[in-house]
Amino acid sequence: MSRDVLIVVPTYNERSNIAELLEGIRTHAPDADVLVVDDGSPDGTAALVRSLGETMGRIDVLDRPGRGGIGSAYRDGFRLGMARGYRRLVSMDADLSHEPRYLPALLAATDDADVAIGSRYLQGVSVVNWTLLRLALSVGANAYARTITGMPVHDCTSGFQCFRREVLEAIGVEHLRLRDYAFLIEFKYRAFRRGFRLAEVPIIFVERREGVSKNGLQTVMRTMFAVLSMRLRS
């Protein structure tokens with residue numbers, strides 16, 4: 001059975017955000033299906049998603065036993081989406097920093113491109129409520145990733161993206177091995193190396209209103225080393 005769009009959303013303790021996110025997805029991408037990949041959230045995120053799914057429909061939960069990280073969450077979600085026959089897959093954060101109102105533009109971009117990236121840096125800097133330190137780390141990490149990989153992409157570390165299934169068929173989910181947000185760079189890099197067309201769609205990224213960010217200096221440093229290792233191996 002062939003289906004069109006699956007939005008994959010990794011979660012860990014996102015109960016305070018998930019209802020608003022799912023309502024926003026239903027408003028702006030009413031025909032899309034949603035797969036929440038939950039890493040055993042103690043706050044009951046998965047149970048709330050199931051309850052909301054009974055009302056909204058076409059919302060599924062993939063339960064995982066513990067915190068495996070965003071990279072493996074996306075791998076598992078993509079693998080399931082491919083098995084179910086979806087033609088386009090979307091990666092999206094649960095904390096409302098990726099606003100559902102940009103989904104139509106992201107999906108439309110894949111009419112011509114193979115990978116559409118929600119970009120914070122396509123039109124200058126489009127980030128709200130970040131500290132100067134975090135902004136500097138993000139801008140520096142993107143400059144570093146562009147230099148190391150050679151990708152013509154302004155926002156290499158963006159986690160808000162839509163891609164055609166042909167991209168994953170060519171890359172192979174099993175070949176995406178990096179952890180944390182290095183996974184997001186690896187995906188774009190492998191698509192770029194395969195000759196797929198990458199496009200960027202401007203978004204405004206708003207820092208999460210509830211909960212605590214899972215990113216920090218340690219994650220940034222791990223990502224930088226992982227990207228260099230990836231480039232050297234290739």
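These questions and answers cover a helix pair and a sheet in a predicted model. Local features need pLDDT of at least 70, side-chain atom pairs count only at pLDDT 80 or more, and totals for chains, interfaces and linings use all residues. Residues are numbered from 1 along each chain as its sequence is written, and side-chain values use heavy atoms, with hydrogens and water left out.

Me: Are α1 and α2 roughly parallel or roughly antiparallel to each other?
Reply: Helices (H or I, at least four residues) and strands (E, at least two) are DSSP runs, numbered from the N terminus. The axes of α1 (residues 15–28) and α2 (residues 45–56) come within 9 Å and cross at roughly 25°; axes are lines fitted to C-alpha atoms, for helices over the stretch in contact, and angles run from 0 to 180 degrees between N-to-C directions. Angles under 35 degrees count as roughly parallel, over 145 as roughly antiparallel, 65 to 115 as roughly perpendicular and the rest as oblique. The two helices are therefore roughly parallel.

Me: Which strands stand at the edges of the sheet?
Reply: The open sheet of seven strands runs β3-β2-β1-β4-β7-β5-β8, with mixed pairing; two strands pair if DSSP finds at least two bridges between them. Each edge strand has a single partner strand, so one side is left without a neighbour in the sheet. These are β3 (59–63) and β8 (198–202).

Me: What is the bridge partner of isoleucine 7 in β4?
Reply: β1 (residues 3–11) and β4 (residues 86–91) pair in the parallel sense over five bridges. In β4, the partner of isoleucine 7 is valine 90.
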